[in-house]
Amino acid sequence: MSEHSSRTVLITGASRGLGLALARKLAGEGWTLIVDARGSEALEAARAELAELTHVVAIPGDVNDEEHRRALGRAAHEVGGLDALVNNASILGPSPQPNLLDYPLDVLEEVYRTNVISPLALVQTLWDELKPGARILNITSDAGVEPYPGWGGYGSSKAALEHLSAILAAENPSLRVYRVDPGDMRTQMHQEAFPDEDISDRPLPEESVPGLLELLTGDLPSRRYEARALTQASKG
Ligand SMILES: NC(=O)c1ccc[n+]([C@@H]2O[C@H](COP(=O)([O-])OP(=O)(O)OC[C@H]3O[C@@H](n4cnc5c(N)ncnc54)[C@H](OP(=O)(O)O)[C@@H]3O)[C@@H](O)[C@H]2O)c1
């Protein structure tokens, strides 16, 4: 058995929030991890913690940067390929979020690039590193389905990611491509979305992790899932 014979996952945006919560869970279960984020200090803190539990490769960088994506591809190759890619890194856009008529278009382009184009770019870059039966989890949002006023930039980017995921699944029936709404979570992004609100009543991201684990390890068909409903269903 090689040094890296455990299951391997690449999680983008794993320095905090849902990405870090998922990385912690998978590290505890012995998965080999490849993780990234732009902020190198927070990523290094995450790496040091996760490295107590498993083999972890942390590469600071921006998913929008092609050279960074290539570095992730090389890391995936070096660990012997991927059992899963979790496209989790995402940005909200301006906080507070402007209505569409006032939305700065340069920022909208950045939101689309980060939330839609780069997840696809990563799938393209990592395609040859995906092992048979590998799963792609694209983290979306209820804002990608419901037309909440004020959520036009982020929401429409997540709607695009939803549809892109569905088509990717239809084009590649041998692969599992999941689009997953994690639900509201008490994270930095959620605080940015509700800048003047006390968000302490929102569930922690850890509560969305069991549903993601079900998708990573179960045998569910490619389609849209709500992470927390998945585990409620298996309890009931
Ligand atoms: N929180 C919610 O209520 C909620 C609800 C529905 C869906 N979601 C979705 O759940 C996922 C996780 O959200 P979260 O709330 O955990 O967000 P978060 O706390 O803001 O964490 C986002 C992570 O992604 C990284 N990141 C952002 N842009 C990046 C880039 N261009 N390149 C590389 N890494 C990048 C961040 O680190 P750096 O900033 O250092 O790069 C951080 O590690 C996202 O896809 C989000 O859209 C969240």
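**Around the ligand and its pocket**

Visitor: How far is the side chain of Arg16 from the ligand, counting from an N or O atom to an oxygen atom?

Guide: An N or O atom in the Arg16 side chain sits 3.2 Å from an oxygen atom of the ligand. Keep in mind that this is a predicted model.

Visitor: OK. And where does His190 come in? How many Å from an oxygen atom of the ligand is its polar side-chain atom?

Guide: That one is 2.7 Å, from a polar side-chain atom of His190 to an oxygen atom of the ligand.

Visitor: How much of the ligand's accessible area does the protein cover?

Guide: The protein covers 96% of it, out of the 900 Å² of accessible area that the ligand has on its own.

Visitor: How many residues surround the ligand, and which are the closest?

Guide: There are 30 residues around the ligand, and the closest are Ser15, Arg38, Tyr154, Thr187 and His190. Split by class, that shell has 14 polar, 11 nonpolar and 5 charged residues.

Visitor: Which pocket does the ligand take up?

Guide: The ligand takes the space of the largest pocket. As for secondary structure, helices H1 (17-28), H5 (152-171) and H6 (188-193) are the elements that give two or more residues to the shell around the ligand. H6 supplies the largest share of that shell, 3 residues.

Visitor: What's the volume of that largest pocket, and which residues lie nearest its centre?

Guide: Its volume is about 830 Å³. The lining of the largest pocket counts 43 residues, and Asn88, Ser90, Ile91, Thr187 and Met189 are nearest the centre.

Visitor: Which elements give two or more residues to the lining of the largest pocket?

Guide: Those are H1, strand E2 (32-37), helix H4 (105-126), H5 and H6. H6 gives the most to this lining, with 5 residues. By class, the pocket lining comes out at 17 nonpolar, 16 polar and 10 charged residues.

Visitor: Switching topic: how many cavities of 30 Å³ or more are there?

Guide: The count is 1 cavity of 30 Å³ or more. The largest cavity has a volume of about 30 Å³.

Visitor: What lines the largest cavity?

Guide: Thr12, Val63, Asn87, Ala89, Thr114, Ser118, Pro119 and Leu122 line it. H4 gives the largest share of that lining, 4 residues.

Visitor: And by class, how does the lining of the largest cavity divide?

Guide: It divides into 4 nonpolar and 4 polar residues, with no charged ones.

Visitor: Where is Pro96 found?

Guide: Pro96 is in the loop between strand E4 (82-87) and H4. H4 is also one of the elements that give two or more residues to the lining of the largest pocket.

Methods:
Residues are numbered from 1 along each chain as its sequence is written. This is a predicted model: local features need pLDDT of at least 70, side-chain atom pairs count only at pLDDT 80 or more; totals for chains, interfaces and linings use all residues. Side-chain values use heavy atoms; hydrogens and water are left out. A residue is near a molecule or strand if one of its heavy atoms lies within 4 Å of it. A polar contact is a pair of N or O atoms within 3.5 Å; within protein, one must be able to donate a hydrogen and the other to accept it, and residues adjacent in sequence count only if both atoms are side-chain atoms. Accessible areas come from the Shrake-Rupley method with a 1.4 Å probe; for residues, only the protein chains shown count as cover. On a 1 Å grid over the protein atoms alone, a cavity is a set of points where a 1.4 Å probe fits but cannot get out, and a pocket is an open set with protein on both sides within 12 Å along at least five of seven lines; lining residues have an atom within 4 Å of a point. A molecule sits in a cavity or pocket if more than half of its atoms lie within 2 Å of its grid points. Ala, Val, Leu, Ile, Met, Phe, Trp, Tyr, Cys and Pro count as nonpolar, Asp, Glu, Lys and Arg as charged, and the others, Gly among them, as polar. Grid points are joined across faces, edges and corners, and a volume is the space filled by probe spheres set on the points.
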